[in-house]
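User: Can you walk me through this one? I'd like to start with the aromatic contacts and then go on to the domains.

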Amino acid sequence: MDAPAPRSKAEISGGAHTKREHDSAHKHVTGSADYIDDMPEPAGTLHGYLGLSDRAHAKITSLDLDAVRSADGVIAVLTAEDVPGANDISPSGRNDEPVLATGKVLFHGQPLFAVIAESRDQARRAAKRAIISYEDLPHAIDVRAAMDAGYRMVTEPMKLARGDVDAGLAAAPLRLKGDMRIGGQDHFYLEGHIAMAIPGEDDEVTVWSSTQHPSEVQHMVANALGTVSNAVTVQVRRMGGGFGGKETQSNQFAAIAAIAAKKLNRAVKLRPDRDDDMIITGKRHDFVVDYDVGYDETGRIHALDACFAARCGFSSDLSGPVTDRALFHADNCYFYENVRLVSKPMMTNTVSNTAFRGFGGPQGMLGGERVIEEIAYALGRDPLEIRKVNFYGGPGRDVTPYHQTVEDNIIERIVDDLETSSEYQTRRAEIIAFNQTSPVVRRGIALTPVKFGISFTATWFNQAGALVHVYQDGSIHLNHGGTEMGQGLNTKVAQVLAEEFQVDLDTIRITATTTGKVPNTSATAASSGTDLNGMAAANAAQQIKTRLIAFAAEKFHIPEDQVVFEPNHVRVGNELMPFGDFIKLAYLERVQLSAAGFYKTPDIHWDRASGKGRPFYYYAYGAAVSEVSIDTLTGEYQVDRVDVLHDAGRSLNPALDIGQIEGGFVQGMGWLTTEELWWDDKGRLRTHAPSTYKIPLASDRPKIFNVKLAEWAENRELTIRRSKAVGEPPFMLPISVLEALGMAVASIADYQVSPRLDAPATPERVLMAVERLKALAADDETSRI
């Protein structure tokens, strides 16, 4: 060998832990990103539309579709009788969610039939021509009504318990009881649901679906067609948003499109209008939380007994695990010495609720924070003081209600850093002084923490696969089981791969997720997309590198440790070879340059029956300070300032992570303030369009919005390059907004009464709370006189 070549001082462009734009960002802003509805349609493509029920609960006495069939352009009308396989798309396997309803309808808007026509407009118009007769049955729309009517639960409830709750409550120096209503939320993804099915030979079909869970769509389509999974290929290039709303809800649209495509031997596309999309598909679960808490004069909680009842809708869907996760997060960052938490997943005559960012965790956490707030006002203390008193600590105060030890607790440092950097104490004192003299406008401030468990609680979902090809010219092809919905998953996984091979990011091409390349994928959900798929891609790269190192060591007669991957090169002994040249040489020597990677999360287990285990691999932490102003005459308000400090471990891409935190905060703020779902007494969803359902506007964002990552943070677990998940945890940071609104309202009665704001805290609810506290303050003044 010649003298050693000088070590390259260059670095790769776009490796791990660097800020890089989303790989499709330029396409998003120019409108050139292709979604399913933008794809060229095969010749002869037909279009579908769904016919919906207009009763909340009724027997179908007649279904006359003659006028539908005779409408212009109609090729076929499908009912449950046309489903060749199982008429069920229930992800829970309970056989309680039909592809198309038959005999009875269980919610207003339930699909009864599908019209297939030459154009979408023809199908849509024809669907309105059905003549349907019903025999109405009693219906229950909300949680309390369902419990009062004796409705069943859609799945078995869960209980988490530790210690002696009854004795703890009885012995506690102080005690209070209360309840809280927590509203649901529509996903309001920019791209609605859509599926396009293309028939193939024999029993084969290819489905393009806007889904977070291609493998589940594959299984559901095969089940509905009466065939096996290898006959169905599901593909996803990108979604225009998902937020959990495309984890199970895509099944129905894909199954109907596939049934029609195979029946008619023509491609079929199915895309509902926004109104129908909102009516047909599930939401975030509404909850009613009843709590009984014992505590002492310092604010420390001695015992908590709480019930989390949820509006689940007509079928089970994912309501079991959603309500489970609500209980998992009812502790948030707090140690409960004695605790009993129970769920009640109630059936209601509404659309079946489903996954949504946080998956029940936000509702559970909000219930826990309400308890803290109640104690603070009862004691006349700053809620932050009560939070600190109850934080998880060392041995003896580090075990959750589900018996997992909190081993990575950094919440005290997060909160202390944010309290200082945001000048929380100074600002709170200024706000209290302002409120003493302001007759109309009142202000509030709150600092709330977040501890969010990362992993699927269904342990078997914690696995992922990836397929990596290195071509002769050194370019790299990446396919993995995750789906891209705007969050930047593909970019992060590609950065991991670039780091492994020490090549520039533009060397790697990411291709559409497909069940034909990576099988048995888990949903891109539970904030685990990067954790799982990044590790699988790294595993594939390591397999290829192991072969390459062995090849070079043998060919050049050097030890394996003298084969080193350097930026865009490979050092072989004393020779520095361009990556592409090295790969070409390996190809000529018949080295396998492709690998299927795999990863499964270690050290997790869960026994639901006993309520014990280690369901989470680690926790992600964060905290936010929010400051608000309210108009006490109208209830209107604005968010004046927000400061966030969030733990993303060693961030793989700080730019994308900051974007996720900002977006998650604003979406969570919408859930807690303006986004109100409202059904009338006939069970009709009346907030089914942007005109009546109010997501936050750009003008609603905090006027000052400071977001920082905890740069000192590093995951103690062996995650992908010690990073942490960042999709869901930030969603709960705006609980600080709700509590700041509460403080502003509480100022009306000199902070002596808990405001008890339910969510969403719409201006109407804020105004009603102000008037209630004004009346209490007036009564108190009268009693003194």
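This is a predicted model: local features need pLDDT of at least 70, side-chain atom pairs count only at pLDDT 80 or more; totals for chains, interfaces and linings use all residues.

User: How many aromatic pairs does a search of the whole structure find?

Analyst: The search gives 20. Rings of Phe, Tyr and Trp (its six-membered ring) pair if their centres lie within 6.5 Å; planes under 30 degrees apart are stacked, over 60 edge-to-face, and the rest tilted. F328 and W606 are edge-to-face, because their planes are at 70°, with the centres 4.9 Å apart.

User: Where do F328 and W606 sit in the chain?

Analyst: F328 is in helix α9 (residues 319–328) and W606 in strand β25 (residues 605–607), so the pair links distant parts of the chain, 278 residues apart. Helices (H or I, at least four residues) and strands (E, at least two) are DSSP runs, numbered from the N terminus.

User: Are F328 and W606 buried or exposed?

Analyst: Both F328 and W606 are buried. That term means under 20% relative accessible area, with exposed over 50% and partly exposed in between (1.4 Å probe, protein chains only). Ring pairs also link F328 and W606 with Y402, F616, Y619 and Y621 into a cluster.

User: Why is the pair of F565 and F582 called edge-to-face?

Analyst: Their planes are at 90°, so the pair counts as edge-to-face, and the ring centres are 6.4 Å apart. F565 belongs to strand β21 (residues 563–566) and F582 to helix α16 (residues 579–588). F582 has a relative accessible area of 0%, and F565 has 11%.

User: Which residues of α16 are buried?

Analyst: F579, F582, I583 and A586 are. They are on the same side of α16, because they cover an arc of only 100° around the axis, taken from the directions from the helix axis to the C-beta atoms.

User: New topic: how far apart are the centres of domain 3 and domain 4?

Analyst: The centres, taken over C-alpha atoms, are 18 Å apart. Domain 3 is 140–185 + 284–401 and domain 4 is 410–456 + 610–785, with bounds from an automatic or database domain assignment. The contact (heavy atoms within 4.5 Å) takes 45 residues from domain 3 and 54 residues from domain 4.

Terms used
Residues are numbered from 1 along each chain as its sequence is written. Side-chain values use heavy atoms; hydrogens and water are left out.
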